[in-house]
Amino acid sequence: MKLKQTALIGATIAGLLATGYAAAQEQFIGLPSYRVGPFGSNGASLYGGWIDYMAMVNARDGGVNGVKLTWEECETEYNNARGVECYERLKNKGPTGNSVFQPLSTGITYSVLEKVAQDKIPLVTIGYGRTDAADGRVFPWVFPMITTYWSQASAIVNYIGQKSGGMDKLKGKKIGLLYHDSAYGKESHAIIDKLAEKHGFEVQKIAVANPGNEQQAQWLQIRQSKPDYVILWGWGVMNATALRTAAKTGYSRDKIIGVWWSGSEEDTIPAGDAAKGYVAAGFNVAGANYPVIKDIQSQVYAKNAGNMEDKNRIGSVLYNRGVVHGIITVEAIRTAQEKYGKGKPMTGEQIRWGFENLNLDSQRLAALGATGFMPDLKISCEDHEGGGKVKFQQWDGTQWKVVSDWVEADRPLVRGMIEESAAAYAKEKGITPRDCSKES
Amino acid sequence: MLYREAGQFKASYQEDQQIFPIRQDRIGMAVILAFFFLAVPMLASQYWLQAILIPVLIFSLAAIGLNILTGYAGQLSLGSAAFMAVGAFGAYNFILRIDGMPFLVGVLLGGLSAAAVGVAFGLPSLRIKGFYLAVATLAAQFFIVWALVKFPWFSNNSSSGVITAQQIEILGFAFNTPESKYLLTLAIVTVLAFVAKNLVRSTTGRSWMAVRDMDVAAEVIGIRPMRAKLSAFAVSSFYCGVAGALYAYTYLGTVEPEGFSLDLSFRILFMIIIGGVGSIMGSFLGAAFIVLLPIFLNVGMHAVFGSAMPAGMASNLELIIFGGLIIFFLIVEPHGLARLWQLAKDKLRLWPFPH
């Protein structure tokens with residue numbers, strides 16, 4: 001009797017699960033999110049923005065050409081093993097399997113890097129992940145979009161050059177690099193050294209051990225050597241501590257330039273007044289005053305259907321970054337549909353084509369209501385980064401204010417390094433790079 | 001009834017000393033092994049093999065390693081994840097740098113390098129004990145991860161310290177499907193688990209337990225504490241090292257030093273506390289509990305509540321239930337899940353005539 005009951009319940013659950021996916025005109029997107037753990041609040045904003053954007057597309061346009069977007073979250077806790085489990089769990093859901101995998105964790109990115117090619121699911125890492133994967137000939141399934149760490153470092157140096165009145169003025173200047181002592185922080189070294197050689201400035205690299213909540217020694221060192229600028233390559237609690245300690249040791253905050261993982265409200269608000277004047281890079285800007293965010297407000301939150309519990313965080317840097325993830329995902333699906341049939345759910349392979357042929361020019365961005373919100377983007381078979389532009393924002397004590405136009409990276413230099421590194425990877429793994437002239 | 005031993009006579013020392021003296025245990029073990037070696041690869045889906053079974057097996061091996069050190073030899077360690085890292089990076093470098101290095105030898109050498117590092121960090125155990133030793137092994141945890149990031153040689157000059165495991169090939173057969181990787185992991189874990197089970201019943205294992213229970217007394221009866229402690233560190237780190245190599249090669253494929261953080265060391269420690277300190281079977285139970293429960297909770301939450309509950313609340317609730325269950329099990333059975341089985345077995349052996 002008991003066995004029969006269990007079998008019955010099991011069959012019912014299996015049946016329910018099966019019927020849930022029976023409706024065919026759906027595009028499934030698996031979300032390996034994290035809402036607990038050390039970066040839980042970041043994950044909540046980011047995935048919240050992404051989900052809200054997709055909900056808005058469903059509500060306003062009825063999906064992508066009539067194909068409804070569906071999604072399911074899977075908690076990774078920012079943990080590699082859980083991330084792999086989520087990847088495997090999500091990959092066959094929905095009528096055509098998971099459309100895209102975007103884990104928002106460099107560790108998880110590396111853990112699934114080789115699986116995605118076998119399973120034919122595009123792996124999109126916007127602003128993190130493996131830099132040399134921007135060479136699409138070696139990494140057809142990986143898209144480190146908009147800008148990689150190397151492009152970002154180069155763009156920051158270009159911005160410092162602009163502020164100093166020309167790149168030739170960088171000669172003889174001293175730039176401090178305060179970095180998180182981990183793989184993430186060290187990612188900056190190779191490119192900064194190259195740039196220092198090229199422009200003739202001096203780099204002072206100062207490591208901060210994880211988690212970085214004590215930086216007295218580092219800032220005393222900075223006070224002694226008086227660099228012209230300090231690049232803050234930080235993470236989590238390290239950012240707010242850096243700003244507070246800088247204020248204590250009297251280093252001017254408008255000379256500190258943060259990377260995009262150091263430039264959100266989560267970093268500046270805890271630092272209080274000490275953060276005033278601090279400048280940070282970002283591939284999206286803060287603010288709710290863009291048509292795309294207004295659409296989310298009117299289509300989703302007006303109907304009490306939004307994902308964010310704290311509505312004050314709508315329009316924050318990380319929330320808007322989530323919206324950028326949403327825009328790129330939806331537009332790739334749209335591009336794929338234009339080739340493979342409008343109004344049909346796409347497979348991972350077709351969406352990969354969509355990502356590779358994604359072209360968000362200024363006209364398209366205007367139609368999406370995201371002019372100035374994110375940089376224009378053109379992906380190709382060779383170049384999976386497509387842009388490499390960032391904007392700089394300054395914290396005025398209560399909110400971020402944009403202080404620059406889109407600043408480009410030193411593309412030839414960065415591209416050269418990416419190709420070199422990708423070629424070394426291809427050699428180690430025995431991969432023959434694709435011939436892009438033969439791709440359609 | 002199930003465990004009636006009537007008629008099982010042991011006529012020789014050999015029979016008396018075998019690993020499983022009760023016939024039912026032998027049959028049970030054969031059935032379990034047959035199930036996991038034959039039935040599972042045929043029945044289980046890719047998700048089960050790749051995302052559930054392989055990690056459980058690998059963490060079981062790491063937990064056995066820590067259990068040898070903490071459970072049998074009584075030396076508290078917080079460096080298990082770092083020893084796993086040494087094993088993973090060691091195997092990677094041996095296979096990368098020596099042409100034609102067979103995979104299994106590479107893994108073995110990775111394990112041996114972990115053993116060597118383990119002995120070095122085990123030296124303080126001769127002088128310090130208990131929680132102080134845990135702090136000393138904490139140094140291993142931080143030092144090793146730092147060194148792997150600091151010196152690019154270890155990761156073959158990768159800009160971010162990440163290594164990508166090579167293709168596994170044994171005698172020309174490429175292990176690239178989940179089934180084959182699962183079987184390879186299972187075979188290595190089974191062999192090493194039996195070795196461990198035998199080791200703890202041997203002279204070495206008995207000397208570990210003697211040192212654990214009272215080192216002065218052990219010394220008096222002629223056990224050399226230095227040898228016992230350092231051999232425990234060596235064997236334990238070897239197991240962790242092999243687990244680390246498997247973690248890189250059969251599970252993730254690509255690993256970064258930060259993946260082997262203190263957090264992972266704690267997880268392995270929780271596995272043996274939940275599973276049973278000083279029990280090989282407990283290592284398996286504990287690993288299964290710690291790896292699987294959060295996943296089942298996550299899946300269960302989705303199945304029960306669907307989208308009705310905000311994802312953030314569901315995630316936090318999972319953690320609360322997970323923590324609550326750990327406390328519940330520790331209160332109900334402080335000696336771990338393995339002890340529950342032990343009690344049940346003792347009752348079954350007497351049944352139906354308990355005295």
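**Two helices of chain B.** I began with α7(B) and α10(B), and I found that they are roughly antiparallel to each other, because their axes cross at roughly 175° and an angle over 145 degrees counts as roughly antiparallel. This is a predicted model, so I keep that in mind for everything below. Helix α7 of chain B covers residues 178-199, helix α10 of chain B covers residues 225-252, and their axes come within 11 Å.

Next I looked up who makes this contact. From α7(B) I noted Lys181(B), Leu184(B), Thr185(B), Ile188(B), Leu192(B) and Leu199(B). From α10(B) come Val235(B), Tyr239(B), Val242(B), Leu246(B) and Thr250(B). Sorted by class, the contact of α7(B) with α10(B) has eight nonpolar, two polar and one charged residues.

I then turned to α12(B) and helix α14 of chain B, residues 337-350. Their axes are 8 Å apart, and the packing angle is about 125°. This pair is therefore oblique. On the α12(B) side I listed Met281(B), Gly282(B), Leu285(B), Gly286(B) and Phe289(B). They meet Leu337(B), Ala338(B) and Trp341(B) in α14(B). I wrote down six nonpolar and two polar residues for the contact of α12(B) with α14(B), with no charged ones.

**Where the chains meet.** How many residues of chain B are in contact with chain A? I found 28 residues of chain B touching 28 residues of chain A. On the chain B side, the elements giving two or more residues are α3 (46-72), α12 (280-305) and α13 (311-332). The largest share, six residues, comes from α13(B). That side of chain B divides into 12 nonpolar, 13 polar and three charged residues.

**Domains of chain A.** In the contact between them, 12 residues of domain 1 of chain A face 14 residues of domain 2 of chain A. On the domain 1 side, α2 and α13 (317-340) of chain A each supply at least two residues. By class, I noted five nonpolar and seven polar residues on that side of domain 1, and no charged ones.

**A β-α-β unit.** Which elements make the right-handed β-α-β unit? I traced β1(A), helix α2 (residues 40-61) of chain A and β2(A). Strand β1 spans residues 26-31 of chain A and strand β2 spans residues 68-73 of chain A; they pair in the parallel sense over six bridges. For a spot to look at, I picked Ile29(A), which stands opposite Trp71(A) in β2(A).

**The seven-stranded sheet.** I followed an open sheet of seven strands in chain A, in the order β6-β5-β7-β8-β9-β12-β13, with mixed pairing. At its edges stand β6 (202-208) and β13 (400-402) of chain A, each with a single partner strand, so one side of each is left without a neighbour in the sheet. Ignoring direction, neighbouring strands of this sheet are turned by 25° against each other on average.

My last stop was helix α8 (residues 189-199) of chain A, which lies across β5 (174-180) and β6 of chain A. Helix α8 of chain A runs at about 160° to β6(A).

Conventions:
Residues are numbered from 1 along each chain as its sequence is written. Chains are lettered from A and ligands numbered from 1 in the order in which they are written. This is a predicted model: local features need pLDDT of at least 70, side-chain atom pairs count only at pLDDT 80 or more; totals for chains, interfaces and linings use all residues. Two residues are in contact if their C-beta atoms, placed from the backbone, lie within 7 Å. Helices (H or I, at least four residues) and strands (E, at least two) are DSSP runs, numbered from the N terminus. Ala, Val, Leu, Ile, Met, Phe, Trp, Tyr, Cys and Pro count as nonpolar, Asp, Glu, Lys and Arg as charged, and the others, Gly among them, as polar. Two strands pair if DSSP finds at least two bridges between them. A crossover is right-handed if, with the strands pointing away from the viewer, the path from the first strand over the helix to the second runs clockwise. Axes are lines fitted to C-alpha atoms, for helices over the stretch in contact, and angles run from 0 to 180 degrees between N-to-C directions. Angles under 35 degrees count as roughly parallel, over 145 as roughly antiparallel, 65 to 115 as roughly perpendicular and the rest as oblique.
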